[in-house]
Amino acid sequence: MCGIVGYIGNSQCFPVLIKGLHRLEYRGYDSAGVAILNQNNELNLYKTRGKVADLENFCQSKEIAGSIGIAHTRWATHGEPNDINAHPHMSADGNIAIVHNGTIENYNVLKQALTKHGCEFKSETDTEVLVQLIQYVKETNNCTLIEAVTEALSQVVGAYAIAVVDRDTPDTIIAARKSSPLVIGIGEDATYLASDATPIIDYTDKVVYLNDDEIAIIKKNEPLRVITSDNEPSNIDIKTLKLSVSQLEKGGYPHFMLKEIFEQTSTIEDSIRGRVVNNHIQLSGVNENSEKFASADRIIIVACGTSWHAGLIGKRLLQDIARVPVEVEYASEFRYSNPVITSRDIVIAISQSGETADTLAAISLAKEKGAFVYGICNVVGSSIARATDSGTYIHVGPEIGVASTKAFTGQVTVLTMLALAIGQLRKTVTPDTLVRVTSAIEMLPALIKETLGLNKAIEKLSNTYTYVHNFLYLGRGYNYPSALEGALKLKEISYIHAEGYPAAEMKHGPIALIDHELPTVVIAPMDELHDKIISNIQQVKARGGSVIAIVTKGDKAIKEIADHVLEIPKIPECLSPIIVSIPLQLLAYHIAVKKGCNVDMPRNLAKSVTVE
Ligand code: M6R
């Protein structure tokens, strides 16, 4: 949560900072701010509640000149989203400004100690405590900014990515990270820093990913220096980004979410590329660790949100195809559940962003206990990708809409290939299944394209359901997690309460909710449980509920009883969650747009949840 941008160079920093904040707005959009050091050594700070566009308006008549600056877009943790709690925060003497992503867990203890020394605080944030601490250390130890930052951070418990500027060293930005991401861009005559590479790609493709407990000393027109918290020089590993600016733009679509839904024909192709060869799966992460995968006793999947739903589908895939026992845990619960893990377990961590704090914590616990940890991430070079022993990228490109769409289908595609690859190793997958499923995987881009043809019909259908207050989503087998995912998509962007249930569980409680005001989305492709799900639809209809059914093309039985049917192409059952997710995403999208909701930036949410 929260996005940080920094610039130091020979040009004006404000446009770079604002453009960068727009790119990072997916990380939080409660408030935004900038601090700029100008030629006269004045430190100008502007911040406001609201989005980056509000900050731009606010700054219109302000003094924004300067070639060193730091900026922030906030997702509130400590203190409500208002002007005062917005970042940057300033030391009491007005000399030092800081932006911070993360949470200082012991901020209260530090605040009390600083208060005893006479410090006064303006905001309710943990971040202001850190900047006051830096000033206090600098004054009392009579030391440099870098020494003060190092000392202050040694007193901090928690997670941080920070950038600090100081009027006493007007040619320097100090940056540091622990458990929150920070990337430094090395340009020809400027250095950039940001929470991810998207604000940097316009200017340079050369980046350095800061590691935990590293501190970067970024000086104007000087090479980057990185030290550890013990003041040892760190190795600077410059990487080349494989990211294009066009991937970060809407490309003519009204929202990123719609663009990302429509991109799925090509993103799935990217997920598959080079991995399905002559009806066999080639995953380098599995090939390089074949011993581990062949002999594992158990797989535990850890993830959050949509990635957790992908994990539930992964469980079915791995059990059916690779015949390995699988457990799926919310990362946030796993880390506090005193789990029994051995070195014969494989932990698979799934994360689009690769920065989710709970998933990262689950990974370190699993590693501590000796498990082999495999990552399924989208963002290349992200913290989770680096913290895991091995893994497979989903390669769907930057996902900017807060509601995850193309990442979900990419995750399920990779999980299918992973199950097949492990099945090959463990000899649990028959040649027939291998041919049938790999052939269908190769067909996915075309099948997704066909399914996207439902867009107009779903847009029309959404008119009927714009103003309902509750929705029920039902699915069975592979598509029970699809029901959870469909409900999550709707609630996060339209604010309509929605619940996903295994269809047969409905009679154990939720059936009481059904009346003419509660629509039910039933995910009912032609599969083993098709007849059973027809009975579930009958039960809803018998109680006056309306039914939107997602069915396989030509399904006459359900067409006769459902109020609306959305037809998808025929696909093997294990791949059906990928195809059914398309109408579910479109339904949530169109309802939210009709309601006038901001689908790309829904209230209270952030794309990357880097706090507990
Ligand atoms: O980046 P991650 O996949 O680790 O994120 C996990 C969840 O925060 C994420 O899937 C969230 O639930 C999305 N908003 C769902 O659309």
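This is a predicted model: local features need pLDDT of at least 70, side-chain atom pairs count only at pLDDT 80 or more; totals for chains, interfaces and linings use all residues.
Two elements each contribute two or more residues to the shell around the ligand: helix 10, spanning 305-322, and helix 17, spanning 480-494. Of these, helix 10 provides the largest share of the shell, with three residues.

The ligand is surrounded by 14 residues. Ser307, Ser351, Ser353, Thr356 and Glu492 are the closest. Sorted by class, the shell around the ligand consists of eight polar, four nonpolar and two charged residues.

Ser307 has a polar side-chain atom 2.6 Å from an oxygen atom of the ligand. For Ser351, an N or O atom in the side chain is 2.6 Å from an oxygen atom of the ligand. Ser404 takes part through its backbone, where a polar atom is 2.8 Å from an oxygen atom of the ligand. On its own, the ligand has 410 Å² of accessible area, and the protein covers 91% of that area.

The structure contains two cavities of 30 Å³ or more. The largest cavity holds about 70 Å³ of space, and the second largest cavity about 40 Å³.

What lines the largest cavity? Its lining is made up of Cys2, Arg74, Trp75, Thr77, His78, His87, His100, Asn101, Gly102, Thr125, Asp126 and Thr127. At least two of the lining residues come from strand 6 (96-104), and at least two from helix 4 (126-141). Strand 6 makes the greatest contribution to this lining, giving three residues. In terms of class, the lining of the largest cavity has eight polar residues, together with two nonpolar and two charged ones.

The second largest cavity is lined by Arg476, Asn479, Ile523, Ala524, Pro525, Asp527, Leu529 and Ile533. How do the residues of this lining divide by class, and how many are nonpolar? Five of them are nonpolar, one is polar and two are charged.

Technical notes. Residues are numbered from 1 along each chain as its sequence is written. Side-chain values use heavy atoms; hydrogens and water are left out. A residue is near a molecule or strand if one of its heavy atoms lies within 4 Å of it. A polar contact is a pair of N or O atoms within 3.5 Å; within protein, one must be able to donate a hydrogen and the other to accept it, and residues adjacent in sequence count only if both atoms are side-chain atoms. Accessible areas come from the Shrake-Rupley method with a 1.4 Å probe; for residues, only the protein chains shown count as cover. Helices (H or I, at least four residues) and strands (E, at least two) are DSSP runs, numbered from the N terminus. Ala, Val, Leu, Ile, Met, Phe, Trp, Tyr, Cys and Pro count as nonpolar, Asp, Glu, Lys and Arg as charged, and the others, Gly among them, as polar. On a 1 Å grid over the protein atoms alone, a cavity is a set of points where a 1.4 Å probe fits but cannot get out, and a pocket is an open set with protein on both sides within 12 Å along at least five of seven lines; lining residues have an atom within 4 Å of a point. Grid points are joined across faces, edges and corners, and a volume is the space filled by probe spheres set on the points.
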